[in-house]
Structure formats: C-alpha cells, structure tokens
Amino acid sequence: MDKYPDQKRAVQYLYPPVDPFDQRVVDMGDGHRIYVEQCGNPDGIAVVVLHGGPGGGCSPAMRRYFDPEVYRVILFDQRGCGRSRPTASVENNTTWHLVADIERLRKLFEIDDWIVFGGSWGATLALIYAQTHPDRVTRLVLRGVFLATQAELDWFYGGGAGKFWPEQWARFTSLLRDSELSDTIGAYNKRLFSGDRATEILYARAWSHWENALASIHTNGAVGESPGEYARTFARLENHYFINKAFLEYDGQILDRMDRIAHIPGHIVQGRYDMICPPQAAWSLAEKWPEAELKMVRQAGHALSEPGISAELVRIMDRTAQEMA
C-alpha cells in the first residue's frame, strides 16, 4: 500500500475510457470551425470541459473524470487548436470569441444551464464565461487557477519560476538577446509570428518545453520534444493571448468581478507546488468567493495528470452527482 494515496498513478482514479456518442464540427461563421464531442449520458447532468493552454486542445483522458452514467459531458477544442480549424490561427481568436463559442454550443445542444469544468487557462475562461453568463452556470469546478494578471505572467515569463529552475530558464532564454529578457513574451512573439516556418517551430518548441518541463511535481525537467506543428499551434495561441493580456479590459478584472458569481457554488483544486500557476491566485480567488471550496493538494504541481489532483477532481464530481441527483 502506498504511504500517500496520491502517489498512485492518476489513471487509477479515473473512470474507464469512454467513446463519444456525438462528434461534429461546428462552423462559427467567421472562418473558424470548432470540433465538439459529447460523451456519457445524453440525458444526464450537463458539464462543459474547458481545456488549458490556450491552445492545448482536449484529450480522451478528459472524458474520464465524470461518471458516464450520470453526466452528459461536452468537450471542444478551442479556436485554432486540436481538431478545430484553421490550425494556429489567431484571427478572430480572443477570449470573447471563446465565451461566445461556449454560449453558442450551449444553445446548440439545448442546454438550459451546466457545470463548467476547467483547468489552468480553462479555469480562466470558465470564470470569465460565468461572469458573463452567470444565469447559465450551476457550478464551477476549477483546477490550477490562472487569473490572467500581469503578476502571474511576470512570475512565469519574467524569471520568478526560473529561480527554481535555472537550467530550464537558461534554455528558454538562450534563444533571446540579453536586451530582450525584460519582455520574453514580446521577444518570442516576434519569432512565433515571423512568417518563417522553421523559425516559428524552433521558438515554439522552446516555449512549449519551458512549460512542459515545470508542469509536474515529479519532473526533473527532462521532457520529450513536442511535435513541431503541435508546438507551433500551442505556442502561437498561448503567446497571442498572453501578449494581449487575455483580452481583458484591465489587470485584475476577474477578481474584481467576483461579485457577479458569488452565489455560484465552486470547487478549486490547486497543487501546493504549482510552478506555472502558483497557489496565491487560487487563495485570492477563494477569499473573494464565499461559495467556493478550496482544496490544496499537498504533493502536486500543475498538471491535470497529477495523481492527487485527478483523485480530488473525481471525488468532487462524484459528490456533485449525489448532491444534484
């Protein structure tokens, strides 16, 4: 028996693999076509899953956090990533386009309201969607909170996390000139959108490696190289959103507008040693949200696949199913 339960592999906590009962591509009418799938119980409790990144896309494992007998799970690849097209496109691709996409899918599937489940950037988007459409959200389940503030971007791209991972920070910044280190997001933006495919992939792989190397508490930084096109898509979209401050009106907007969703029940699952999205954001969010329950997972980093995080998310969804039955 493991000394600590969260030392088990994450997959042990998940439901068995499940295939979608519906897969389709929805034309948004402005050049983007969004891949969407549904799995579980067509008549069950509706939950929409928002993936991270931006640019990460959904994976089959994301279907497995929900009892397929109870939940109707809707997953989609956000604009420009995964199976959505056109790949890596930043045209007509802002936070507000994504919020509108979520609402359009809700109406398409004739769902009155739903649970919103998201991690990392998916948590950011979940909060913004809920603040925009509070009457359509019954509950929020968030993981690895990112509030899209300048302080958080400065931490990860300004050298804060690099103080814990100096060898990985050196690798990330080695492609830049010393004069560019005060704005690594801007410096990478020039290369990721240079128009030269080889340059874009070179910098995209470095951008993606920096994040992947720090995602898990168990990492030693030795992660494999991302496929070129995947890295290019992920890095371009993430950089596009970050250089535009997530297209929010002002810094700190999400916390400032928590009064709009103060009545919505919420669960926040946060890795205690999350290097990408430090726990301060999750704590600050919980302080502003009287209906939220914050769970700090003691032996976890940022990744959804961290065993302790997976176990807690499944527990929350099982408990929610009982409460909403």
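Biologist: What are the helix and strand percentages for residues 46-304, and how far apart are the end C-alpha atoms?
Modeller: That span is 37% helix and 14% strand, with its end C-alpha atoms 21 Å apart. Helices (H or I, at least four residues) and strands (E, at least two) are DSSP runs, numbered from the N terminus. Keep in mind this is a predicted model: local features need pLDDT of at least 70, side-chain atom pairs count only at pLDDT 80 or more, and totals for chains, interfaces and linings use all residues. Residues are numbered from 1 along each chain as its sequence is written, and side-chain values use heavy atoms, leaving out hydrogens and water.

Biologist: Which feature does UniProt place at 46-304?
Modeller: The unreviewed UniProt entry puts "domain: AB hydrolase-1" there. UniProt positions follow the numbering used here, feature names are shortened, and annotations may be inferred rather than shown by experiment.

Biologist: OK, the sheet. What's the strand order?
Modeller: It's an open sheet of 8 strands, β1-β2-β4-β3-β5-β6-β7-β8, with mixed pairing. Two strands pair if DSSP finds at least two bridges between them.

Biologist: And which strands stand at the edges?
Modeller: β1 (22-27) and β8 (292-297); each has a single partner strand, so one side of each is left without a neighbour in the sheet. Neighbouring strands are turned by 20° against each other on average, direction ignored.

Biologist: In what sense do β3 and β4 pair?
Modeller: Parallel, over 5 bridges, between β3 (residues 45-50) and β4 (residues 71-76). Ala46 stands opposite Arg72 in β4.

Biologist: Which strands does α10 touch?
Modeller: Helix α10 (residues 307-324) packs on the sheet against β3, β4, β5 (114-119), β6, β7 and β8, and its direction makes about 165° with that of β6. Contact here means heavy atoms within 4.5 Å. Axes are lines fitted to C-alpha atoms, for helices over the stretch in contact, and angles run from 0 to 180 degrees between N-to-C directions.

Biologist: Switching to helix pairs: at what angle do α1 and α2 pack?
Modeller: About 70°, axes 10 Å apart, for α1 (residues 95-108) and α2 (residues 121-132). They're therefore roughly perpendicular, a label that covers 65 to 115 degrees.

Biologist: Which residues make that contact?
Modeller: Among them are Trp96, Leu98 and Ile102 of α1, plus Trp121, Leu125 and Tyr129 of α2. By class, there are 8 nonpolar, 2 polar and 2 charged residues. Ala, Val, Leu, Ile, Met, Phe, Trp, Tyr, Cys and Pro count as nonpolar, Asp, Glu, Lys and Arg as charged, and the others, Gly among them, as polar.

Methods: Angles under 35 degrees count as roughly parallel, over 145 as roughly antiparallel, 65 to 115 as roughly perpendicular and the rest as oblique.
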